[in-house]
Amino acid sequence: MKRSVLPYVIAAAVLVFLYLPIVILVANSFNASRFGGSWEGFSLRWYLRLREQREIWYALRNTLVVAFAATIISTVLGTTAALALHGWGTRLQRVHYALIYTPLVVPDVLIGISLLLLFVALGVRLGLGTILLAHVSFCISYVTMVVLSRLQDFDASLLEAARDLGANSWQAMRLVLLPLLMPGIAAGGLLAFTLSIDDFVISFFVSGPGSTTLPIRIYSMIKHGSPPLINALSTLLIVVTFSAVWVAQMLSKERRSER
Amino acid sequence: MPTRRSRAGELLLTAPSLVWLIVLFAVPTLMVFAVALKPVDSYGGIGQGWTLQTVLNLRDPNYPAIVWRTLWMSAVATVVCVGLSVPTAYVMARAAPSRRQLLVLLVVVPFWTSFLVRIFAWKALLHPEGLIKRLLVLIGLVEPSVSLLYRPEAVLMVMVYTYLPFAILPVYAAAERFDWCLLEAAMDLGASRIRSFTSVFLPGISRGLATAVMMVFIPCLGSYVIPDVMGGTSAEMIGNKIAQRTFVDRNLPHASALSALLTLAVFLPLVVRWVTLWRGGASETMVRAREGAGEEML
């Protein structure tokens, strides 16, 4: 059967479309020109100038503090949620599943404004604390979904064997299930970490004075700042996320080949 | 997952996430509807008593235009994304199995960059001094005085750019399970290439198409940063108005009324989808796209 060329042309165009802006941005971060419309020679001066931007490093610190805390809390809550969803098929779990599932499809703006209303109504002071609460809330769903999908691959007969050998259910879970589930939990935690680091919209709604995170800082740079500095900062971020995801992929490949 | 499924064990494992999400997701979402009926107080907070005034203010002639624009821009972005995703997913699914994983990775990788960075990259390209503007002026397609930024087309393009992988992944997942013999059979039986594509292939991947529509349309409805950075006042969407009422005027009841409207608009297609199709497809794709683990689908 002769195949049409058209889909191949479109697919190639789609890939160019997906990569063009990112490639140009990275190239322009080394461009001496301020607007990047033309190449005016290789330069590292935007990176050097980035070092003097104290607000960026302050915002980065806030982002990392929130991301680490949010990852730990949401990984624990997401893992217990996945164990409950997987282990029991009760009506309670159907409600539980709906509560886990819905935040995944609700737009960020709505999550942000509704949390802001809650915090204002309760008189909670906005700051890093409220950003942390918000991040945990949307990360739980992602961690649960990742751990749940790994649990569905889990061989339940291993637990039965542990029980037959005299372990009680708590021991079976702690000594057999959790160690085997660890790669899935780690993958969920890593996802939570990247989502927390990347979140702008929700953080913006529930942030207060002094709780600028890196995305909030980048947003204000996009609105008012100097484009070449954002190019340089973005390139650094791209390098960091790409290496993190690459490591994660390597880890999950190792796990797969072990099976 | 204890073998003996005790009620106490279930409650112990369920309570933390259940309570957290009730307090910090379900209650706030319902509060949006309640606060829409509250007056504003003089400190920018939520006042005492109840009023219908805010909801009635939504009849302000500006809003129907913005709601309409939000709907049509989201619809156009969805059509373009799904339209591009079908041929792309077709090529990916027809590739040799060893190359499919690489192709999925290629689609997912742009997602590993920050959302704001991707939007900024487009702003730089369309900037009056940017590369695309200069190229278009050079080949005479665009007058130097025309601005490519701050117009609905710029917002649409970045929405397509941002959500395209969310369309490609579910359509690919469906195309990957499609039995290509059916296509050949249709052509053997005399169907034209276009006919066999529209009457055999498209129905065969309809579930993936439905997921793709949801995955693009719903986040587009809630767009806020993209129109804020790329568009001017002629491209404002509901999300922008919610942010303006929150940050500029500090009128939370007004922002709530708009959010209630958006919530209804978001949940309507969700309910339709829950009723017509199996649960879970959208959330799984979302998790996979974000996780960057497209290989899981192979």
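A:Asp198 is partly exposed, with a relative accessible area of 24%. Here buried means under 20% relative accessible area, exposed over 50%, and partly exposed in between (1.4 Å probe, protein chains only). The model is predicted, so local features need pLDDT of at least 70 and side-chain atom pairs count only at pLDDT 80 or more, while totals for chains, interfaces and linings use all residues. Residues are numbered from 1 along each chain as its sequence is written, chains are lettered from A and ligands numbered from 1 in the order in which they are written, and side-chain values use heavy atoms, with hydrogens and water left out.

A:Asp198 sits in helix α8 (residues 169–198) of chain A. Helices (H or I, at least four residues) and strands (E, at least two) are DSSP runs, numbered from the N terminus. Leaving aside neighbours within four places in sequence, A:Asp198 is in contact with A:Pro215, B:Ser114 and B:Phe115. Contact means heavy atoms within 4.5 Å. A:Pro215 is 17 residues from A:Asp198 along the chain, and their C-alpha atoms are separated by 6.6 Å. A polar atom of the A:Asp198 side chain lies 3.4 Å from the backbone nitrogen of B:Phe115.

Salt bridges were examined next. A salt bridge is a side-chain nitrogen of Lys or Arg within 4 Å of a carboxyl oxygen of Asp or Glu. By this rule, six salt bridges are counted over all chains. One of them joins A:Lys223 and B:Asp228, with 3.2 Å between the closest N and O atoms. This pair crosses between chains. A:Lys223 belongs to helix α10 (residues 214–224) of chain A, and B:Asp228 to helix α11 (residues 225–230) of chain B. A:Lys223 is partly exposed, at 35% relative accessible area.

Another salt bridge pairs the side chains of B:Glu10 and B:Arg7, at 3.1 Å from N to O. Both residues lie in helix α1 (residues 7–35) of chain B. They are three residues apart, about one turn of the helix. B:Glu10 is buried, with a relative accessible area of 1%.

The side chains of B:Glu176 and B:Arg100 also meet in a salt bridge, at 2.8 Å from N to O. This pair links distant parts of the chain, 76 residues apart. B:Glu176 is in helix α7 (residues 152–177) of chain B, and B:Arg100 is in helix α4 (residues 97–108) of chain B. B:Glu176 counts as partly exposed, at 22% relative accessibility. B:Arg100 counts as buried, at 16%.

Notes
Polar contact = N/O pair within 3.5 Å; in protein donor to acceptor, adjacent residues only side chain to side chain.
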